[in-house]
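Hello,

Here is the structure for your files. My notes on the ligand surroundings and the aromatic contacts follow below it.

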Amino acid sequence: MAPVAGAGAVLAGAAAVALLSAVFVLYELPLDAVLQRAFSLHKAHSVKNMETTLQLVRNIIPPLTSKKHKGQDGRIGIVGGCQEYTGAPYFAAISALKVGADLSHVFCTQEAAPVIKSYSPELIVHPVLDRPSAVPNVEEWLPRLHALVVGPGLGRDDTLLENVKGILEASKARDIPIVIDADGLWLVAQHPALIQGYRKAVLTPNHVEFSRLSEAVLRDPVDGSDHREAVRRLSQALGNVTVVQKGERDVISDGEQVLECAQEGSSRRCGGQGDLLSGALGVLVHWALHAGPEKTNGSSPLLLAAMGACSLVRQCSRQAFQKHGRSTTTTDMIAEVGPAFRILFET
Ligand SMILES: NC(=O)C1=CN([C@@H]2O[C@H](COP(=O)(O)OP(=O)(O)OC[C@H]3O[C@@H](n4cnc5c(N)ncnc54)[C@H](O)[C@@H]3O)[C@@H](O)[C@H]2O)[C@@H](O)CC1
Ligand SMILES: Nc1ncnc2c1ncn2[C@@H]1O[C@H](COP(=O)(O)OP(=O)(O)OP(=O)(O)O)[C@@H](O)[C@H]1O
Ligand SMILES: [Mg+2]
């Protein structure tokens, strides 16, 4: 992941163009479009770095073999789903399965549970989040989960948020990796200590969530134009929790390194794409941590996982948009997870 230096840059640029050509040929884009994309050396650098990182992401993907039992490739829990929002936890949970997890659990309110169950027979749904016993009920399952995604469709009801505080504490005590998104980020903005210094956490704020977190956590205002520095500073202030700022380019930092994901996506901004990202990331975080340092080559497993998940979501968006144009919705993107995964990580 180290940046390419000095004279090597020209070669790196050429390699990046070649690589892009290979990728774009799959989509029958003209070469001049490819060249335009990769012409500036800076861009070529990012492409080269992205490709180096994606190569490491490929290393962490567990092989499919006949020797494994159900659950080994990931048991992921989603904490979210309330009266208003049932789509978000569904998108996150089904995305985790489509990326390659074996089991996907949703911990939601009693009212939301039958709705989420009815979307898919593939999800295991626990109607516990608004019970007084929510924390012990979820805690019971924690030993069987590899990663938790907290926040999609959670809402901002005080009782629910109080329960989620307890679930976060219990998960940290068990050293479980946690992806925090959406209303989970709202909770973290109110109580940053909940996540402060927990190195197995990844936060995935959109534009508004990022500003909210920055205002809550940083004393000095951030320079809005310098995304890289803003993300690095937020991560550092939170004790090197990994932060993924979603946007035109996704900016990822662990407070030390900063990566950018510029994989081509689409201009369609329908709701739910962030939920797809959080579910996919839950699986990749588990895979990356499980793979061990020999596979990650000394790179931060969480940075690799984030880069993999961001690239995947953007590729899904691009493929879905090619088929459906303006009518593209998150469901169309989820249908592209398999093909997009193959193109990015299995070719
Ligand atoms: N089908 C569903 O059930 C969905 C539910 N969702 C849930 O809805 C709840 C609220 O999520 P929100 O994301 O709306 O959060 P907020 O309630 O904090 O609202 C953020 C607002 O910022 C706006 N915004 C987003 N990106 C922006 C940008 N780059 N510049 C300016 N404005 C921008 C959005 O339109 C939104 O109105 C969460 O629980 C979330 O998980 C969403 O995930 C979308 C899909
Ligand atoms: N301007 C953009 N151009 C290309 N891709 C983008 C752009 N903005 C966001 N994305 C991509 O869309 C995905 C979701 O980001 P977005 O900011 O929409 O999240 P969100 O607001 O949390 O979504 P959700 O509706 O699920 O809550 C990310 O993977 C990101 O890479
Ligand atoms: Mg969101």
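A polar contact here is a pair of N or O atoms within 3.5 Å. By that cut-off, Asp-275 makes one with ligand 2, because an oxygen atom of the ligand lies 3.1 Å from a polar backbone atom of this residue. Please keep in mind that the model is predicted.

Ligand 2

The site around ligand 2 has 14 residues, and those that come nearest are Asn-206, Lys-246, Asp-250, Gly-272 and Gly-274. For Asn-206 the side chain is involved, with an N or O atom 2.9 Å from an oxygen atom of ligand 2. For Gly-274 the backbone is involved, and the distance from its N or O atom to a ligand oxygen is 2.8 Å. On its own, ligand 2 exposes 620 Å², of which the protein buries 79%.

Two helices give two or more residues each to this shell, α11 (273–291) and α13 (301–324). The most comes from α11, with three residues. Sorted by class, the shell of ligand 2 holds seven polar, six charged and one nonpolar residue.

Ligand 1

The side chain of Asp-183 places an N or O atom 2.3 Å from a ligand oxygen. A polar backbone atom of Gly-153 is at 2.8 Å, and one of Ala-88 is at 3.0 Å. The accessible area of ligand 1 on its own is 850 Å², and the protein covers 55% of it.

Aromatic contacts

There are four aromatic pairs in the structure. In one of them, the ring centres of Tyr-90 and Phe-91 are 5.7 Å apart and the planes meet at 55°, so the pair is tilted. Both Tyr-90 and Phe-91 are buried. Ring pairs also join Tyr-90 and Phe-91 with Tyr-119 in a cluster.

Another pair is formed by Phe-341 and Phe-345, whose centres lie 5.0 Å apart with planes at 75°, so this one counts as edge-to-face. The two residues belong to helix α15 (residues 337–345) and are four residues apart, about one turn of the helix. Phe-341 and Phe-345 are both buried.

Charges over rings

Two arginines are placed against tryptophan rings. Arg-144 lies over the face of Trp-141, 4.1 Å from the ring centre. Arg-156 has its charged end over the ring of Trp-186, at 4.2 Å from the centre.

Regards

Terms used: Residues numbered from 1 in each chain as written. Chains lettered and ligands numbered in written order. Predicted model: local features only at pLDDT ≥ 70, side-chain atom pairs only at ≥ 80, totals over all residues. Heavy atoms only, no water. Polar contact = N/O pair within 3.5 Å; in protein donor to acceptor, adjacent residues only side chain to side chain. Areas by Shrake-Rupley, 256 points an atom, 1.4 Å probe, with all protein chains shown as cover. Phe/Tyr/Trp six-rings, centres within 6.5 Å; stacked < 30°, edge-to-face > 60°. Buried < 20%, exposed > 50% of the residue type's maximum accessible area, 1.4 Å probe, protein only. Lys NZ or Arg CZ within 6 Å of the ring centre and 35° of its normal. Near = heavy atom within 4 Å. Nonpolar A, V, L, I, M, F, W, Y, C, P; charged D, E, K, R; others polar.
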